[in-house]
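Biologist: I would like a close look at a single part of this model, taken slowly and with the terms spelled out as they come up.

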Amino acid sequence: MEASMNITRLLNNLTTDGDQMEALNDLKMALCAVHPSVLREVVPNIPLNLVFDCLNITNSEQIEVCCDILVRLLEAISADSVLQNFSGELTAGLSHSHVPVKLLCVSQVLRVAQSNPAEVLTYSDILLDTVKMMADKSLQAAEQAGKVLTQLGTSEQGLEALFHGNTFEKLHHVMDISDTIRYRVYEVIVNIAKSSYTALQYCSDSGILQRLVNEIYKDDILVQLNCLELLANLAICEHGLSYLDQQGIVGKLESMMGNMESDPMMGFLLPGLIKFFGNVAHVYPKEICDKYHGFIRTVFQLLDSDDIPLKNIAIQTIGVIGATPEGKLALDKQGNKMDTALQKLGSIIHRASSEIRMSALTTAASLSYLTVPDQTAELLSITETWFSKLNPACMTTLMTLSQQPFTELRRVVMDVYLSLALQAWGQNVLNSHPGFNEYLLDRSTEEKKEGKEGKFDIVRTLVESPTAQDIFGAPYFIRLRGYHREGPFYVQAQAEVAIDQT
């Protein structure tokens, strides 16, 4: 009761002729001192409209303090009560000239949409203003508005409201303002379409998805690349990929990839096309690798390219596909083409320039990575065979790179070691290589946090492995457990060093 009376008194001070800024700061401090559980009991009994009224000024500092106060107060109210009690204030706030007020109001609308989407649909002005905010100069405000629309698209009632009547007309009007805003809307449509097959059908029937697809055939490379990124996002859900496949869009994208030699402009689009197929193949490797041979053929061919950025993308794409057990199986079905690709990766690791070598090492770590639950006989055979085909002297190269004075390079080499440490055959490779066991326990090789954590991850993996003790032997395994017990940042005390040296 005391807290309620104090806050009410401070709120009433806002209507006096005194210093309003001082009154707001006093109120803000008082609210910060009240526990949220107490505030939830207090807020229903105090006049919040007095704070909303303080937003009708041009003083930016005062507006920000008001917003801080309202955030604190509104979070103490249930989401269902926000629109019921403050719909008029939120409607006004969505069109306010100051960004903090817009963000405050649209975040509250999002809160209601996440709790009860149907509640938002009963306030047509708020819905229209939220669509309008997609065109706001503030990217943050536009993104929040997009989240509201995406959330509304998770229910059929919301889909009906978004894709019919005044709301749909407003959406088209907003799209026509500029290319940038049009792509904001496309992104929301794709996110809605991903949520369910029903939502996809609404998005398709609206014509907006087809309008997005048509962007890929324009002559503007930047527009095409943005379009590819959005289509890739749609394709990573099963019903989205099925839709694009049935519409013939995926096939058309692959044929565009094959036109690279006849159309010089395709060279600019090729990175986006490869990333599209690579991202989709990460989720659906069998479907993409089995059906779209042109894509996988292009990726393998680019390993010989003189165009370093394209070569780099090809290397990364192989790693993205082969990161999962299903991806490993799909790549292994490529037979000799995959064997040749592995040999090229090994050659790059052995003697290429730093940037492309880093990508090759990351891909080698990805291809070799196999967690214990996924370690079937077939997959263990694949990872062991692949590592052996990288280079007969691959471990020697890795150990040499581990001694280079570049933390980022050493860190990615550790990722390869980590992949090997997960599997019995990899542990044998590590244990049998001269100098590795000493290197692993030598804390002096790493000075930076990233390096210390990377080496500790390898040690932890070995300590937790069911096979490491038998492979490395009990004496060494005891030392590994000691390293693990001490943690990644242990520093030996000087007295201990002196005793060790005597």
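How many of the eight residues of helix H27 (residues 394-401) are buried?

Modeller: Before the answer, please note that this is a predicted model, in which local features need pLDDT of at least 70 and side-chain atom pairs count only at pLDDT 80 or more, while totals for chains, interfaces and linings use all residues. Residues are numbered from 1 along each chain as its sequence is written, and side-chain values use heavy atoms, with hydrogens and water left out.

Six of the eight residues of H27 are buried, so this helix is largely enclosed by the rest of the structure. Buried here means under 20% relative accessible area, with over 50% called exposed and partly exposed in between (1.4 Å probe, protein chains only), and a helix is a DSSP run of H or I with at least four residues, numbered from the N terminus. The buried residues are Cys394, Met395, Thr397, Leu398, Met399 and Leu401.

The contact (heavy atoms within 4.5 Å) involves Met395, Leu398, Met399 and Leu401 from H27, which meet Leu409, Arg410, Val413, Val416, Tyr417 and Leu420 from H28. By class, the residues of this contact are nine nonpolar, no polar and one charged, where Ala, Val, Leu, Ile, Met, Phe, Trp, Tyr, Cys and Pro count as nonpolar, Asp, Glu, Lys and Arg as charged, and the others, Gly among them, as polar.

Leaving aside residues up to four places away in sequence, Tyr417 touches Met395, Leu398, Met399, Ser402, Leu430, Phe436, Tyr439 and Ile458. Of the 177 residues in the largest nonpolar core, Tyr417 and Phe295 touch the most other members; such a core is a set of buried Ala, Val, Leu, Ile, Met, Phe, Trp, Tyr and Cys residues joined through side-chain atoms within 4.5 Å.

How values were computed:
Helix = DSSP H or I, 4+ residues; strand = E, 2+ residues; numbered from the N terminus.
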